Structure formats: C-alpha cells, structure tokens
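Please keep the sequence and the structure in view while reading.

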Amino acid sequence: MTITFAELTTMRVGGPVDDYVPVEETAELIDVVRHFDAAETPLMIIGDGSNLVVGDIGFRGAVIHVQTSGISVSGDRVSVEAGTLWDSVVAATIDNGLAGLEPLSGIPGSTGATPVQNVGAYGALMSTFLTHVRAFDRTTGTVVDIPVEDCGFGSHRKSLFKRNPRYVVLSVSFELPRDELSQPISYAGLAQRLGVELGERVRVAELREAVLSLRRERAMLLDPADHDTWSVGSFFVNPVLDEVPQQASECPTYPDVAGTKLPAAWLIENAGFPRGYGAEWGNGRVRLSGRHTLAVTNRGGATTSDVMAFAAHIRDGVESAFGVRLGPECDLINCSFDDPPTDV
Ligand SMILES: Cc1cc2nc3c(=O)[nH]c(=O)nc-3n(C[C@H](O)[C@H](O)[C@H](O)COP(=O)(O)OP(=O)(O)OC[C@H]3O[C@@H](n4cnc5c(N)ncnc54)[C@H](O)[C@@H]3O)c2cc1C
C-alpha cells in the first residue's frame, strides 16, 4: 500500500512516498544511507514530520523515517538516539534530577531534528546545554562528532544542519545541571502563569507543567482531534533584517547576531489577519490557527497546493502592509509559495 506524506506529517498534506524505509537501529540507519547514496537514489531523512511540508506530487526516491530510540543518562550527561520523541527526553531528564530542558516541554518531533533548527520556546534553546551532535557525514562516509561550537547556531533558527543534506543526525548529547530549580525564567508570559517575577526560578517539574498548559491553550501540543494543531507550529520564521522598513517602525524588535529580529506573529496580526483567519478565503480548508496567528492549519481535506496558496496570501498581505517579506520556518520539499497555485 502506498504511504503518503499526509500520513507522515503533522500538517497532514502531501503526496506519495516512492520507497518508505523506517529504520530502528543506528547501524542500520548508516547502512541504508550508504546503500542509497551508492545507488545515487534521491534521499530524504524524516523524523515525526512536524516541521515539514511536502508537495502533492510527493517524493521520487527513498524516504528514511528515523525511528531509533534510547536515552542514556550518566551523571549529568545525557545521550539520546535520533528517533527518540523529544518530549520523552525532557521528562526523563527531570525524572533523573536534571534541569535545563524543561522550558522545551511539549515540542513535537524527534530528538534528531532538534539541532536542525535549534528548537526553542519560552526563552530557551536546545543548544544551551548541548555538548555535541553525532552525525553520519554523507560526503566523507564517516561518523563524526560535531561539538556545539561547530553546529552553526547563532542567528534565529539557523544551524549547520538546516536544509543541508550532508549530515544525518544519529544522536544528540547534553550536559545538564543537577538542580531541583529551573533556570531563571526569561519569558514574561511564563513568569505570569507561574505568578513569579522574570528572573526567578521555580521547581523544574512546576515549570514543565506551566509550559505544557500554556502550549495546550495555544494549540502547540499535538492533538489529532484538534485542527488547530494540524500544523507545523510556526509556519513563518521571524524575519531578521539589516534595516527595519519605515512602515514596520511600530513592530517590536529584538537583537539577533545577523541583524534585527521582528516577530512574524505581530506582523501577521497587524496586517489584518486575526486568529482563525481564512474561513472566508479560498476553499476555507486552510486557515490560521484559532489560537496562534503563526500557525497555518489544515481544517481537514486540504492539499499542499491549498497550504501554499494560503501562505502566499498571508506573505503578500504582510509585505504590502509592512514592506517585510516572510519566509518559511518549516522545510518545504517539492513545493513552494513563491509560485503558488491560483485556483484554490
Ligand atoms: C504543534 C507544533 C508546535 C511546535 N512548536 C515548536 C516550538 O515551540 N519550537 C520549535 O522550535 N519548533 C516547534 N515546532 C516544530 C517542530 O516540532 C520541530 O522543528 C521539531 O524538532 C521537528 O521534529 P521532527 O522529528 O518532526 O522533524 P521532521 O519534520 O521530520 O523534519 C524536519 C527537518 O529536519 C530534518 N531531519 C529530521 N530528522 C533528521 C535527522 N535525524 N538527521 C538529519 N536531518 C533530520 C528533516 O529532513 C527536515 O528537513 C512545532 C511543531 C508543531 C506541529
């Protein structure tokens, strides 16, 4: 039976997979990548499909679904196989008396994908406590340990691994403080939820619960029954600009190593696209989440073409209001909203 990307991704759109290869062991993962590379077969590596949109034509080639799993804790060092569900890693570190990852509770997807866009939430980044990434280097055919300082983190959501087919992440290693208390809270909404001041610390487990409850309210926890979560989380990346256009002078700004970062959610909302926008646009099958303007959602029965057309509509509205052109945070394979279909 043909498997489709609609079954493999949280946006639930996308066409057929030519050759679907689920892999549960790291040695096998290296072997299959070597095999397909030697045969010059086009290759795609996927985890849980929560940051991925693939075209309605699907993918001609092999799709390797990384399902390796295992968490090993030794003192304050934690090493995790790539296919392990990220949230189970956060929970396991807390169970082992370690702190630091708790603000990243509830982020969907596999651990191997977390360095790809240096996942972050509530003022925290996965790279903060990362020591190294073990990867298979498809150029040299060897396994390499890449220390955190060589992972290309820095500017928002960028890394050595982002949109770079050279590396297949095999495992990810952290060194975490042994502590009952969280890191100082740096996100105002979280401090407010916990009833503390910014910079205060709370018990790690308490912080995890507060993050999970905030994420649930914002439809940022996966729930198959809730169309607001049929998304890739943030569809658009927060733009980082050399210069903020005059039209966008009222937008809040944040420093970034590559320039000035603007919140895409503010730009979308203030360009006239409120939460839930889209019921009256096109065929209505794709809309902004009713609980978060950065999430483009499938209301059921949408195609990738529908998603691209809607994304282009939002991008164009923001550009005409503020002179800022939004791009995708998620990975787009065999689809684009640079040249979207016009008949939806
Ligand atoms: C409801 C929701 C909320 C979200 N909230 C957040 C959030 O708060 N913060 C945040 O940063 N992200 C968030 N995301 C995005 C997403 O969860 C993360 O980017 C996650 O790390 C993707 O993991 P995945 O296994 O699903 O990756 P996939 O979607 O399967 O893959 C994403 C990319 O990583 C590559 N990749 C995957 N595994 C490997 C590997 N082993 N080696 C090399 N490349 C690999 C793929 O080729 C692809 O390019 C959210 C998504 C959803 C749906």
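## Contacts with the ligand

A polar contact is taken here as a pair of N or O atoms within 3.5 Å. The model is predicted, and the distances that follow are computed from it. A polar backbone atom of Ile45 is 2.6 Å from an oxygen atom of the ligand, and for Ser50 it is a polar side-chain atom that lies 2.6 Å from a ligand oxygen. Of the 980 Å² that the ligand exposes when taken alone, the protein buries 93%.

## The shell around the ligand

The ligand is surrounded by 30 residues, and the closest of these are Ile45, Gly47, Ser50, Ser110 and Asp331. Sorted by class, the shell holds 15 nonpolar residues, 11 polar residues and four charged ones.

Which elements give two or more residues to this shell? They are strand S2 (43-46), strand S7 (120-121) and strand S11 (167-175), and of the elements in the structure S11 gives the most, with three residues.

## The annotated domain

A UniProt annotation, from an unreviewed entry, reads "domain: FAD-binding PCMH-type" and covers residues 13-207. In the model, this span is 17% helix and 30% strand, and its end C-alpha atoms lie 34 Å apart.

## Strand S4 and its parallel partners

Strand S4 (residues 59-66) is largely enclosed by the rest of the structure, because seven of its eight residues are buried. Strand S1 (residues 17-23) runs parallel to S4 and is joined to it by six bridges, with Tyr20 having Val63 of S4 as its bridge partner.

S2 also pairs with S4 in the parallel sense, here over four bridges. Within S4, Ile64 is the residue that stands opposite Ile45, and Ile45 is also one of the closest residues to the ligand.

## Strand S9 and its antiparallel partners

Is strand S9 (residues 130-137) mostly covered or mostly uncovered? Six of the eight residues of S9 are buried, and the strand is thus mostly covered. S9 pairs with S11 in the antiparallel sense over seven bridges, and Val133 stands opposite Val172 of S11.

S9 also pairs with strand S10 (residues 142-147), again in the antiparallel sense, over six bridges.

Strands of a sheet pair through backbone hydrogen bonds, in either a parallel or an antiparallel arrangement. An open sheet of three strands has the order S12-S14-S13, with antiparallel pairing. Its edge strands are strand S12 (240-241) and strand S13 (254-256), each of which pairs on one side only.

The pairing of S13 with strand S14 (residues 259-261) is antiparallel and runs over three bridges, and Tyr254 has Lys261 of S14 as its bridge partner.

Notes:
Residues are numbered from 1 along each chain as its sequence is written. This is a predicted model: local features need pLDDT of at least 70, side-chain atom pairs count only at pLDDT 80 or more; totals for chains, interfaces and linings use all residues. Side-chain values use heavy atoms; hydrogens and water are left out. UniProt positions are given in the numbering used here, feature names are shortened, and annotations may be inferred rather than shown by experiment. A residue is near a molecule or strand if one of its heavy atoms lies within 4 Å of it. A polar contact is a pair of N or O atoms within 3.5 Å; within protein, one must be able to donate a hydrogen and the other to accept it, and residues adjacent in sequence count only if both atoms are side-chain atoms. Accessible areas come from the Shrake-Rupley method with a 1.4 Å probe; for residues, only the protein chains shown count as cover. Ala, Val, Leu, Ile, Met, Phe, Trp, Tyr, Cys and Pro count as nonpolar, Asp, Glu, Lys and Arg as charged, and the others, Gly among them, as polar. Two strands pair if DSSP finds at least two bridges between them. Buried means under 20% relative accessible area, exposed over 50%, partly exposed in between (1.4 Å probe, protein chains only).
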